[in-house]
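Here are my notes after a look through the model you sent.

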Amino acid sequence: MSKDIVQIFDTTLRDGEQVPGCKLDREQKLVIAERLDILGVNVIEAGFPVSSPGDFQSVEAISKLVKNATVCGLTRAVKNDIEVAAEALKYAKIPRIHTGIGTSDSHIKFKFNSNRDAIIERAVAAVSYAKTFVEDVEFYAEDAGRTDNEFLARVCEAVIKAGATVLNIPDTTGYCLPDEYGAKMKYLRENVKGIEKATLSCHCHNDLGLATANSIAGVINGARQIECTINGIGERAGNTSLEEVVMIMRQHPDLNLDTSINSKLLYDTSLMVSNKMGMMVQPNKAIVGANAFAHSSGIHQDGVIKNRETYEIIDPADVGVTESSIVLTARSGRAALAYRAKIVGYELTKTQLDQVYQEFLKYADVKKEVKDDDIHQIIETSKIDIQSIS
């Protein structure tokens, strides 16, 4: 059975760059955009063109550079925003304007001092105007996660009639639980007239650590685009992590979902974005963290040495990591010490290993991690007959 392809909409260069202190210059953005295109993302949200001359120029330059992906520019439901975005995108092979407005009662009352009917009118006007410049128009219903489903369906139906090709359903505050977010997608699929003419899209924030879970719940319930960033970067607690949703779908074939991403480039792309933005990836970050394929527990190390799949559900090579790491600490056992000793040139007998292991534990209690150079010193201190070690 052929798998449904979920489009990957990368907003590293727009939503991701909103992280304080992570501002990129135009050349850095071009380098990342080119890598995203090679990685296989379907849509690159290049920026918010009206926000500054620099952002306009970056979106324009990315439009000229990108060979395969759709290039997208963000706007508010404001005529000038849309005109400026269309101008910035004029060189793109496949341009998309991403426009929208807040739809929750909170946004309608406090942000716009408006009412529901007026919001629908503004949404329709924005989509209709964007449609005069490009064929591909994505509409975002900001704070859709806290928007009443019945009203959200009315908004979606109206903008589809106006020509929207993609409906972005953001959990802007990261508040939804996965079952709630999935049910929202299901409700829209079943209650929006003309929904077959548009693609439902997940845009989830990570304020409660649920962005990835919510996005997966969304595609299980019919969404076919996920909006995400490399390393899950983004304002506040960040966005959905691209590498996580890609590998979840790949590791769960029963979902019958996949992406066009070349997963072997994930780790290298993660490092590139981290270095360009000066934002460290936490070591225990799923998929691309430094410890994602590292083992220091003796029980885990013994299992992985015997068969990688005992504790690893992903082959490190599938995401561009050379190999698993067996890290020697005070929690490591004899199997790990023998494994690492063999790598640096020592084939230890069981008797020799027992003797060396006692010396190893003395080192390990003092040092956080025992390195390869330390192994030579440990074996020398153990006073084992060097002739018996090959």
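This is a predicted model: local features need pLDDT of at least 70, side-chain atom pairs count only at pLDDT 80 or more; totals for chains, interfaces and linings use all residues.

1. H7 takes in residues 178-191, which makes 14 residues, and from its first C-alpha to its last it reaches 20 Å. That is close to the 20 Å expected at 1.5 Å a residue. The buried residues here are Tyr181, Gly182, Lys184, Met185 and Leu188. Looking down the axis of H7, you find the buried residues within an arc of 150°, so they line one face of the helix. On the other side of H7, Asp179 and Glu190 are exposed.

2. Helix H5 (residues 116-131) can be read in a similar way. Its 16 residues should span 22 Å at 1.5 Å a residue, and the end C-alpha atoms are 23 Å apart, which agrees. Which residues of H5 are buried? They are Ile119, Ile120, Ala123, Ala126, Val127 and Ala130. Around the axis they cover an arc of only 130°, which puts them on the same side of H5.

3. Now for the whole chain. I'd keep these figures handy: 14 helices and twelve strands, with buried residues making up 53% of the 390 residues. Along the principal axes, the C-alpha atoms fill a box of roughly 85 × 40 × 40 Å.

4. Strand E4 (residues 70-74) deserves a look.

5. What does E4 pair with? One partner is strand E3 (residues 43-47), which pairs with E4 in the parallel sense over four bridges. Within that pairing, Glu45 has Cys72 as its bridge partner in E4. Strand E5 (residues 95-102) also runs parallel to E4, and four bridges join the two. Here Val71 stands opposite Pro95 in E5. Between E4 and E5 the chain crosses through helix H3 (residues 79-88), and this β-α-β crossover is right-handed. E3, helix H2 (residues 53-65) and E4 make a right-handed β-α-β unit as well.

6. On to charges. Side chains of opposite charge can pair when their charged atoms come close. The count for this model comes to 29 salt bridges. One of them is between Arg35 and Asp268, whose closest N and O atoms are 3.0 Å apart. This pair links distant parts of the chain, with Arg35 in helix H1 (residues 26-39) and Asp268 in helix H10 (residues 266-277), 233 residues apart. Arg35 counts as buried at 15% relative accessibility, whereas Asp268 counts as partly exposed at 38%.

7. Asp143 and Arg146 meet through their side chains in a salt bridge, at 3.1 Å from N to O. Asp143 is buried at 0% relative accessibility, while Arg146 is partly exposed at 41%. Lys285 and Glu244 form a salt bridge too, at 2.8 Å from N to O. That pair also links distant parts of the chain: Lys285 sits in the loop between H10 and strand E11 (294-295), Glu244 lies in helix H9 (residues 242-251), and they are 41 residues apart. Are Lys285 and Glu244 buried or exposed? Both are buried. There is also a network of salt bridges linking Glu17, Lys23, Lys29 and Asp55.

8. Last, the cysteines. How many disulfides does the count give? It comes to zero. Take Cys156: the closest cysteine sulfur, in Cys202, is 13 Å from its own sulfur, so the two are too far apart for a bond. For Cys176 the closest cysteine sulfur is in Cys204, at 7.5 Å, and that is again too far for a bond. Cys156 is buried, with a relative accessible area of 2%, and Cys176 counts as buried at 3%.

How values were computed:
Residues are numbered from 1 along each chain as its sequence is written. Side-chain values use heavy atoms; hydrogens and water are left out. Two strands pair if DSSP finds at least two bridges between them. A crossover is right-handed if, with the strands pointing away from the viewer, the path from the first strand over the helix to the second runs clockwise. A salt bridge is a side-chain nitrogen of Lys or Arg within 4 Å of a carboxyl oxygen of Asp or Glu. Buried means under 20% relative accessible area, exposed over 50%, partly exposed in between (1.4 Å probe, protein chains only). A disulfide is a pair of cysteine sulfur atoms within 2.5 Å. The expected span of a helix is 1.5 Å times one less than its number of residues. The arc is that of the directions from the helix axis to the C-beta atoms.
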